[in-house]
Amino acid sequence: MAVFDQGYRVYRGALTPAAGRFLILARYALRVAVKSRRTLVFLVLSGMVPLIAAIIIYLHHNAEAIAILRIPIAEILPIDGKFFLWLLRGQGIAAFMVFLSAGSTLISADLRDNALPLYLSRPISRGEYVLGKLVVLLILGSAVTWVPLLLLFSLQTSLQGFSWAFDHLRWGVGLFVGSWVLMILLGLVGLAISAALRAKAAAEAVFAGFFLLTPLLGKVIDETLRTDWGVLLNFVAVLDSIWLGLFGLKASSDVSAMTAWCVVIAFGLMAAWVLHRRIRAYEVVG
Amino acid sequence: MQVETEGEGEANRPVQAASSDAAPLIETEGLGVRFGKTWALQDVSVKLQGKAVGLLGPNGAGKTTLVHTLLGFHRPDRGSAKVLGYDIVRQGHDLKARVGYMPERDSFVSEMTAVHFVRLMGELSGLPPRVALERAHEALFFVGLGESRYRKVGTYSLGMKQMAKLAQALVHGPRLIFLDEPTNGLDPRGRQRMLDLITSIRDRGEARIVISSHLLRDVESVCDEVLVLKEGRVVSCRNLEEERRSNRSFLEIEVRDGEGSFAEAVAALGCEVAVQGRRRLKVVLPADVTVGDLYAVAHERRTQIRRLIFKRDSLEDIFLRAMEVDHGGL
C-alpha cells in the first residue's frame with residue numbers, strides 16, 4: 001500500500017455509534033488477557049469441576065452405570081440445593097483464580113504506559129473505560145461461573161424433566177444471581193487494586209491477600225477487640241451468606257444475609273471510589 | 001494519509017458538523033482552572049484563528065493545563081471555552097471525535113503492536129474497524145513507521161515512540177491536533193522529521209494544529225499564531241504572519257541629535273514612528289517610502305543618521321518582552 005507519499009486528510013466518513021464504544025476496549029483487553037498462558041490454564045482447570053458434576057448428574061439418571069459401579073450415588077451425592085451451592089463455591093474459587101491472573105494488569109498496565117490520556121482524549125468517558133475493562137472480567141467470569149452452572153442445571157432439567165426445573169427454579173436463579181454478585185465484587189475490587197498499584201506483582205499479591213488474609217484479620221480483630229464484627233472482613237463468609245440466602249438454605253455463618261448484602265455493596269462502593277480517584281487522564285502533583 | 005470515503009461500515013452520523021466549519025479554532029472567555037487553592041489558569045480570554053497555533057511559556061505557565069482543559073480533562077472553575085465551535089463542557093463528546101492529541105509524556109500500550117495500538121485508538125475515536133485498520137497502516141507509513149508497524153510499541157526507541165504517538169493522534173483524521181512538546185527527546189534528524197510532518201499537515205490545510213512547546217524555534221518554524229502564557233495568564237497573543245509582514249520594513253535608527261524634529265518629519269512622510277529612547281527611533285515604512293527619503297529628510301533637518309538597520313521582531317523578542325510584562329498587561 002503506497003501511502004507514504006500522500007498527505008494528511010481529514011476523515012469525512014461516518015462514525016460508529018457512541019453507545020457501545022466501551023466494548024472496543026473490552027475486545028482489545030480480552031485479546032491481551034487470553035494471551036496469558038496462566039489465565040488460559042486457570043480457564044481450562046475451571047472446567048474440571050463442571051465436567052465432574054456433569055458426569056455425576058449423568059450417573060444419577062443412568063441405572064446401568066450405577067449398577068456397574070455399585071455406588072449409591074443418589075445417597076452420597078444427591079442433586080439438591082447443596083449440590084449446586086457447592087458447585088457455585090467451587091466455581092467461585094476458579095473465578096477468583098482467573099480474576100487474579102487477568103484482572104491485576106487490566107488497568108495497571110495502562111497506568112504504567114501512561115495510556116489514560118490517549119483513551120480519555122477520545123470520545124470515551126472514565127466510566128466507559130472502567131466498564132470496558134470490567135466487561136473483560138465479566139466475560140471471563142461468566143465462562144467460569146453461571147454459564148457452566150446453568151448448563152449443568154439445564155442438563156439435570158433435561159434428564160429429570162421440566163417439572164423439576166419449575167420446582168427448583170430458585171436454585172437456577174441462585175446460581176445466576178450468586179455468580180453475578182461474585183463477579184461484580186471480584187471485578188470491582190480487582191480493578192480498584194489494579195488501578196491503585198502499578199506493579200503487577202504487587203497488585204496480584206494485594207488482590208490475593210484481600211480475599212485470603214482478610215478472614216484472618218477479621219479473626220484477629222474479633223479476638224483482640226472482643227467483638228463479632230471482624231467476620232464482616234471475611235469475604236468467603238459474606239458471599240456464602242448471600243448464596244445461602246439465594247438458595248433458601250440455612251445460614252451457617254454469623255453473618256446475616258442482609259448484613260452480607262450491605263458489606264458487599266459497601267465494598268463495591270469503596271472500589272468504585274478508588275476507581276473514580278485513580279482513573280484520570282492526568283495526575284495533579286503537589 | 002489517504003482520504004476516507006463516506007458511508008463506510010456501521011455508519012450512523014457524519015463526522016463533520018456545519019457549525020464548526022466557520023467557528024474560531026479556540027475561543028475562551030474568562031477561563032479559569034484551579035487545583036486546590038492554586039489557580040493554574042486565570043482569566044484566559046482569547047480567540048485563536050490560526051492554522052497552527054503555538055502555546056509558549058516557561059515551565060508551569062499553564063500550557064499543558066490549557067490543552068488538558070480544552071480536551072475536557074479539567075472542568076473549568078470559571079469562564080467558558082469553545083474549540084472548533086464546540087463547548088468543551090456541554091459538547092465535549094462531539095469535540096473529542098474531531099480532535100487528536102499527542103501527549104508530552106510517553107503514552108502507548110506497550111504490549112500491542114503499533115498497528116493494533118493505532119487501530120484501537122482509531123476505533124475508540126469512532127472509526128469502523130476496517131477503516132481504522134486501513135488508516136492505522138496509512139498513519140504509520142505517514143510518520144515513517146511503516147516497516148516497524150508489526151513490532152510491539154514497548155520495544156520502540158524514544159524517537160519511534162514519539163512518531164507512534166503522532167500516528168495515534170492522526171489516525172482518525174481529526175480537524176484539530178494538539179501536540180504537546182512534539183519534539184521532546186528527538187535527535188536533530190528526528191526533530192526535523194517531526195517538524196516537516198507537522199508543516200505538511202498544516203500546509204495541506206485540512207487540519208489545524210496547536211503546539212505546546214518551550215522551544216521557540218520549533219514554534220516559529222511551524223506556527224502562524226502564538227499565545228504566550230505566564231503564571232496561568234495570557235501575556236501575549238500574536239499573529240506571527242502579520243508580524244512578519246509588518247516587520248518587513250521595520251527600521252531601527254540612531255541619530256546624533258534632534259530626534260524629536262526628525263521623528264515629526266518622518267511621520268509627515270506617512271511612516272509610523274516611535275521614539276524608543278534618547279536618539280533612537282523605530283520606523284515602519286509604508287510601501288511608497290524608501291530609505292532614501294529618510295536620508296533626504298535627515299539632510300533637510302541637518303540631522304545626522306549614525307546607524308540605520310533593518311530589523312525584524314523574532315519570536316524570541318516577542319517572548320522575552322511578554323515575559324517582562326506584568327500580569328494582565330500586554
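Student: How many bridges join strand 10 of chain B to strand 11 of chain B, and do they run parallel or antiparallel?
Tutor: Strand 10 (residues 225-230) and strand 11 of chain B run antiparallel and are joined by six bridges. Strands here are DSSP runs of E of at least two residues, helices are runs of H or I of at least four, and both are numbered from the N terminus. Two strands pair if DSSP finds at least two bridges between them.

Student: What stands opposite B:Val226?
Tutor: B:Val226 has B:Arg238 of strand 11 of chain B opposite it.

Student: What kind of model is this, and how are residues and chains labelled?
Tutor: It is a predicted model, in which local features need pLDDT of at least 70 and side-chain atom pairs count only at pLDDT 80 or more, while totals for chains, interfaces and linings use all residues. Residues are numbered from 1 along each chain as its sequence is written, and chains are lettered from A and ligands numbered from 1 in the order in which they are written.

Student: Back to the sheet: in what order do the six strands come?
Tutor: The order in chain B is 7-8-9-4-10-11, in an open sheet with mixed pairing. Strand 7 (99-102) and strand 11 (233-239) of chain B are the edge strands, each pairing on one side only. From one strand to the next, the twist averages 15°; angles run from 0 to 180 degrees between N-to-C directions, and axes are lines fitted to C-alpha atoms, for helices over the stretch in contact.

Student: Which strands does helix 2 of chain B touch?
Tutor: Helix 2 (residues 63-70) of chain B packs on the sheet against strand 4 (52-56), strand 8, strand 9 (208-212) and strand 10 of chain B, and its direction makes about 145° with that of strand 9 of chain B. Helix 7 of chain B also packs on the sheet, touching strand 4, strand 8 and strand 9 of chain B, and its direction makes about 145° with that of strand 9 of chain B. Residues are in contact if their C-beta atoms, placed from the backbone, lie within 7 Å.

Student: And where is B:Thr183?
Tutor: B:Thr183 is in the loop between strand 8 (176-180) and helix 7 (188-204) of chain B.

Student: Is B:Thr183 buried or exposed?
Tutor: B:Thr183 is buried, because 22 other C-beta atoms lie within 10 Å. The cut-offs are 20 or more other C-beta atoms within 10 Å for buried, 12 or fewer for exposed and anything in between for partly exposed, with C-beta atoms placed from the backbone.

Student: Which residues does B:Thr183 touch?
Tutor: Not counting residues up to four places away in sequence, B:Thr183 touches B:Arg191, B:Met194, B:Leu195, B:Leu215 and B:Asp218. The C-alpha atom of B:Thr183 is also 8.5 Å from that of B:Ser213, 30 residues apart along the chain.

Student: How is chain B divided into domains?
Tutor: Chain B has domain 1 (18-231) and domain 2 (246-312), with bounds that come from an automatic or database domain assignment. The C-alpha centres of domain 1 and domain 2 of chain B lie 44 Å apart.

Student: What about the sheet of four strands?
Tutor: That open sheet of chain B has the order 13-14-12-15 and antiparallel pairing. Its edge strands are strand 13 (272-277) and strand 15 (305-310) of chain B, each pairing on one side only. Five bridges join strand 13 to strand 14 (residues 280-284) of chain B, and B:Glu272 has B:Val284 as its bridge partner in strand 14 of chain B.

Student: Switching to chain A, how many helices has it?
Tutor: Chain A has 16 helices and one strand. Buried residues make up 44% of its 286 residues.

Student: How do helix 6 and helix 12 of chain A pack?
Tutor: Helix 6 (residues 81-103) and helix 12 (residues 169-196) of chain A pack at an angle of about 20°, with their axes 10 Å apart. Helix 6 and helix 12 of chain A are therefore roughly parallel to each other, a label for angles under 35 degrees, whereas over 145 is roughly antiparallel, 65 to 115 roughly perpendicular and the rest oblique.

How values were computed. Contact = placed C-beta atoms within 7 Å.
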